[in-house]
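Work through the exercises below with the sequence and the 3D structure at hand. Each task is followed by a stepwise solution.

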Amino acid sequence: MNPTVPVTKPSAPRRAADNLAEFRLIPRIETFPAVVSFAQTAPGRVTLLAMFGLGLRYFLQNWISTLLMLSFLALITFMPEYRRFILAITPITIIIVQTYRDPLLLGLTLGVVAFGIFLYWCAMRWPKSRFGQRPIMFLLTGFAVLIFSACAAAPHTLTYSILWPVVGVVASYVWFIGYALIDRNSKPASDLTLELTAFRPLWGSMNTPFPKGAAYLRRIEARDSEQLAVVQLKALKLLTWAILLAVFFNLWNGFFHVYLRIPTSDHALTMSVQGTPVAWHLRWESLILAFFESILSISVMGHQIIAICRMAGFNALRNTYRPLSSTTISEFFNRFYYYFKELLVDFFFYPTFLRYWKGHRRLRMVFATFAAVFFGNTLFHFTRDWQIIRDVGLLRAFVNYQASLFYCFILATAVSISQLRKRGSKSNALVRGHILPALGVGLFYCLLNVFVTDERSYPFFEYLKYLASLFF
């Protein structure tokens with residue numbers, strides 16, 4: 001006797017949400033066998049490169065830059081066995097092309113790259129030494145000493161004119177070198193090709209390495225022609241997404257900020273500081289728009305970089321992936337800027353979590369979260385903005401950083417609470433289980449973005465005053 005189990009049909013809103021989640025504006029062409037087979041042939045590869053180049057031209061300055069990028073990608077596509085060697089020499093080529101008109105900058109950049117390789121070799125050569133055991137601590141401490149030394153140099157002296165360019169070059173490479181030092185145990189020292197690739201990759205990067213270090217590249221590298229075809233088809237899709245989002249972003253700015261004349265969040269804050277009245281509804285509108293604009297801008301930037309990385313044969317994860325579906329603060333932090341989150345985790349969270357408060361689970365989690373989201377986040381952005389330290393001095397720059405310090409502290413507190421909360425079974429209801437939590441997360445980040453601005457000279461009280469003006 002076989003009892004019949006009743007089947008519960010999902011509600012109409014739930015079915016609509018599922019259908020919406022399955023909808024694809026761009027078809028999943030990497031799952032079509034005929035397309036994958038065609039992409040493995042010579043005509044298919046040429047077609048794929050041509051379409052990718054046309055899309056890439058939307059973001060690059062001119063056809064020369066586009067063709068230069070395509071030439072490297074074509075070599076990798078048709079000679080995948082030389083992929084690592086080609087990618088290893090491109091950072092040096094890019095450095096020379098970008099800085100050949102400035103011999104000092106060219107020499108300093110090549111020197112920093114050589115010094116990073118030397119540190120990697122030292123960590124491999126003497127793994128039991130103090131440096132070999134804790135290379136990141138030595139790296140960041142040395143960087144801090146360099147900044148202090150540059151601050152101590154008198155302006156308009158030879159020491160000043162040399163140290164600050166060194167600080168600038170090191171600031172753009174320090175986290176790339178750090179990933180090489182973290183990767184020291186993942187591969188024999190003789191394999192330096194991907195280490196050089198990760199220092200200044202062909203696909204470009206911000207101060208945050210995309211996508212992490214050489215050890216990660218080894219794990220996601222395409223191993224055969226079929227995998228390469230699939231990854232390159234995904235690259236074409238992602239670049240298309242980047243173009244669509246960029247076009248939408250331009251239309252967005254034209255409609256809201258030009259046609260409707262809604263000020264940007266930074267402009268509204270500036271007007272408030274200067275005593276210019278800003279209507280209550282405009283303050284809220286500019287803040288909400290800034291939240292979505294930050295997602296659009298980081299998505300376009302990340303999609304473009306990761307698309308080129310995939311075209312080079314590495315199946316890297318997206319930097320931004322559906323952040324608006326996040327139902328917790330920590331989930332949004334992970335989905336919004338994935339590789340920056342990974343940097344904080346790799347350099348600050350794990351070393352702290354594995355070393356301190358092992359007998360106190362909750363305290364251990366909170367302490368490691370603050371080490372990453374508060375201390376690591378602050379250190380990253382403070383050193384990234386080294387020009388401000390150079391122009392106003394170390395003490396004044398730190399005073400001007402109060403709003404960012406407050407931002408990092410509140411974010412670390414919220415992420416810690418989000419991680420420690422005891423959750424029951426997640427509701428499947430569309431409104432209560434998904435929409436309301438997502439709206440709450442969005443509101444939190446909207447309000448927190450009051451303290452995120454390119455202008456760092458305002459007193460901290462002005463930020464609090466502006467936040468209060470949203471409610472009173």
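**Exercise 1.** Determine how helix α14 and helix α21 pack.

Step 1. Helices are DSSP runs of H or I with at least four residues, numbered from the N terminus; α14 covers residues 280-311 and α21 residues 430-448.

Step 2. The model is predicted, and local features need pLDDT of at least 70, side-chain atom pairs 80 or more, while totals for chains, interfaces and linings use all residues. Residues are numbered from 1 along each chain as its sequence is written, and side-chain values use heavy atoms, with hydrogens and water left out.

Step 3. The axes, lines fitted to C-alpha atoms over the stretch in contact, are 9 Å apart at an angle of about 110 degrees, on a scale from 0 to 180 degrees between N-to-C directions. α14 is therefore roughly perpendicular to α21 (65 to 115 degrees).

Step 4. Contact (heavy atoms within 4.5 Å) involves Trp-284, Leu-287, Ile-288 and Phe-291 of α14, and Gly-442, Leu-443, Tyr-445, Cys-446 and Leu-447 of α21.

**Exercise 2.** Find what the buried residues of α20 pack against.

Step 1. α20 spans residues 402-420; its buried residues include Leu-405, Tyr-407 and Leu-411.

Step 2. The buried residues of α20 pack against α15, α17, α19, α21 and α22.

Methods. Helix = DSSP H or I, 4+ residues; strand = E, 2+ residues; numbered from the N terminus. Parallel < 35°, antiparallel > 145°, perpendicular 65-115°, else oblique. Expected span 1.5 Å × (residues − 1). Buried < 20%, exposed > 50% of the residue type's maximum accessible area, 1.4 Å probe, protein only.
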